[in-house]
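Visitor: I am new to this structure and would like to be walked through it. Please show it to me, and then I will ask my questions.

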Amino acid sequence: MLCNACKQNEAKVHLTKIVGDKMQKVDLCEDCSKEKGVDDPTSYSDLLLGMSAPPAEAEAEPAAEPGAKCPTCGYSQADFKKAGRFGCSECYATFGEGLEGMLKTMHKGTRHTGKIPAALQQSRAEAQKLKLLQKRLDKAITEENFEEAAQLRDEIKRLK
Amino acid sequence: MTIHEFLAPPAVACQRTGPHDQIVMSSRVRLARNLRKHPFPSWAKKPDRIRVLETVQPAVESLPQLAPHFAAAMDDLSALDKQILVERHLISREHAAKGSGSGLVVNQEETLCLMINEEDHLRMQALRPGLQIKACWQAIDALDSALETRLEFAFSPELGYLTACPTNLGTGIRVSAMLHLPGLVLAEEITRIINAANKLNFAVRGLYGEGTEALGNVFQVSNQMTLGESEAQIIERISKALNQIIEEEENARLLLLEKKSKIVFNHIGRAYGILANAHTITSKETMNLLSLLRLGGELGLFEKLDRSLTDELFLLTQPAHLQQQHTEKLGAEERDILRATMIRARLRPVPRPQAPE
C-alpha cells in the first residue's frame, strides 16, 4: 500500500477515524506521518478522552485537579492523558470524577452488572437480608405486633 | 522440560476439532484481573512486578484444573519460544515483548493459558477449537472463581473488576472467535460484514489481533464493550453475530459456486499450482494460498486433502515455527526457500484439484 500523501513510499502509519457513523482512513509513510504530526501516540489517548471531539464534550475529561496524584501509586492526570491507562486500581477512586463521561463513550453502561466475587456477593446478600429484617421489625413495632418483633429482633441478632 | 517438549506438536494440535470448524478456527474467552493496591504492570517498577508474579504464579499453579501445566518466567523463554507461542495464539504480541517480572502458565491441552503481568496483572484465557464460546466461558469462569479464593482481586461494586485500561473495565471479558472467511472475501462482501459487525460494537481484526493484517482470510471478531452488560449478555450478543457471519460465509460459498464457479476454481487451482511447485515463497503469500487450498478441500475439489494438513502447514510455515525446525539461524531468503521445499514435499501425496467441467 502506498502513502496517500507522497504516493511514493510504503505506507506504515494507518489512521482510522470514526466520526458519527462515517469512517475515514488515511495511510501514510513514516516521513509524511511525521510531517503531518500524526506519529504522536499521545494524540490517541486524546481521542480516548474525547479531547479531539467538539468542545461541547470537553466535560468528558476526568475532573480531578491537574496536579492531583494517586495516593497509592503516585500516578498523575498527565500520565493518564499520555498512556490512556491507569496506574493502579485505586486510581479509579482518585480520578473517578468525570470518568463517567468517558465510560459512556466506551461502554454500554457505566455500572457493572456482571460477575461479583463470591465473598463479596455473600456479604452483600447478608446485608440485604438484614435490611429487610430491620424493615419488618420497624413495621411490627409500629403495628404493636410485639411477638413478631421479638422474633425478628432475635433473628437480626443472630445474623449480626 | 522446554515448552516444545510440553506442547503437542502442530501435527497433533491441528487434529483437534470442534463445532463449525470449517469456518470457526477457534474460540476464546479471556478475563482481565488485577490485585488490589498493586500498581498495574506498565506503571509498576520491576520489584513490584516481580512481587506480583511471585504472588500470582504459585496461586495459579496450585489449581488442579490446570494440571498438567507448563509455567515459565518470560525472561526464561528465548525470543524464538515467545514467537512460537504468538504463532500458536497462546500469548499476545505485547506479552511476547515482556521480560523480567512477567510469566506464563499453560495447560497441556492448550485450553487454558494465563499471562501474568501483561497489560493487567492477570489475563486468563480459555481456548477451544471451533465455535465453543459457552464452553470457554464456563471453563474460565470456574478458573476465576477458584482463583478468587487465593488472590484478592481489585473490584468495585459500581465499576466491577478494575483494569489498567478503562476499555476493559467491569467484566474484564473479551470474547473472540477466529474466522476463516475466504467466501466473503472472494465475493467482495467482507467490507459489508465488517461494517455491520462494527455497527454492533464488535471489533474485527487480523490474524494476531490488534493492528494486524487479515492474512489468509482469517479474521478475529470480538466484543469491545465490557461494562454495563453481564458476561451472559455479552456472550449471547456475540454468539448471535457469529452465527450470522457463519451463515453469510456459507451462503457466499454456495453463491460463488453457483454464479462464479470458474473464478473460484481458478483461484484454487492456481493456489495449488504455486504451492505445489514454488521454490521460494514468503509467509504472507503462503497463508493467502493455503486459505484457498483449505476452501478447495471444503468444497470437495481435492481427493486427498485433510483440513488438518492445511492447518498444520499454516502453522509450520510461519517464521518462528519454520526456524524451530532448523538448528542454524535462517535469514528471510533462506526461510522462503525452506518453506517452499517443505510445502512441495507435503503436497506431493495430494493430487491436483478436480473441478467439475
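Guide: Two residues are in contact if their C-beta atoms, placed from the backbone, lie within 7 Å. The model shown is predicted.

Visitor: Among contacts in chain B between residues at least 6 apart in sequence, what percentage join residues at least 24 apart?
Guide: The count takes in contacts in chain B whose residues are at least 6 apart in sequence. Those joining residues at least 24 apart make up 71%.

Visitor: What percentage of the residues of chain B count as buried?
Guide: A residue is buried if 20 or more other C-beta atoms lie within 10 Å of its own. Of the 357 residues of chain B, the share that counts as buried is 48%.

Visitor: Which strands stand at the edges of the open sheet in chain B?
Guide: The open sheet has 8 strands with antiparallel pairing, in the order β2-β3-β4-β5-β1-β8-β10-β9 of chain B. An edge strand here has a single partner, so one side of it is left without a neighbour in the sheet. Neighbouring strands of this sheet are turned by 15° against each other on average, direction ignored. The strands at the edges are β2 and β9 of chain B.

Visitor: Which residue is the bridge partner of B:Ala203?
Guide: β9(B) and β10(B) run antiparallel and are joined by 4 bridges. The partner of B:Ala203 lies in β10(B) and is B:Ser222.

Visitor: At what angle does helix α6 of chain B run to β5(B)?
Guide: Helix α6 of chain B covers residues 133–147. This helix lies across β1, β4, β5 and β8 of chain B. To β5(B) it runs at about 145°.

Visitor: Why does B:His89 count as buried?
Guide: B:His89 lies in the loop between α4 (79–87) and α5 (93–96) of chain B. Its phi is near 60°, a positive value in a residue other than glycine. B:His89 counts as buried because its C-beta neighbours inside 10 Å number 20.

Visitor: Is B:Asn217 buried or exposed?
Guide: B:Asn217 is in the loop between β9 (202–205) and β10 (218–223) of chain B. Although not a glycine, B:Asn217 has a positive phi of about 55°. It has 23 C-beta neighbours inside 10 Å, so B:Asn217 counts as buried.

Visitor: Which element gives the largest share of the side of chain A that touches chain B?
Guide: The contact takes 27 residues from chain A and 31 residues from chain B. On the chain A side, α5 (99–106) and α6 (118–142) each supply at least two residues. The largest share, 3 residues, comes from α5(A).

Visitor: How far apart are the C-alpha centres of domain 2 and domain 3 of chain A?
Guide: The domain assignment of chain A gives domain 1 (13–53), domain 2 (59–106) and domain 3 (118–159). The distance between the C-alpha centres of domain 2 and domain 3 of chain A is 40 Å.

Notes:
Residues numbered from 1 in each chain as written. Chains lettered and ligands numbered in written order. Predicted model: local features only at pLDDT ≥ 70, side-chain atom pairs only at ≥ 80, totals over all residues. Buried ≥ 20, exposed ≤ 12 C-beta atoms within 10 Å, placed from the backbone. Domains from an automatic or database assignment. Pairing = 2+ DSSP bridges. Axes fitted to C-alpha atoms, helices over the stretch in contact; angles between N-to-C directions.
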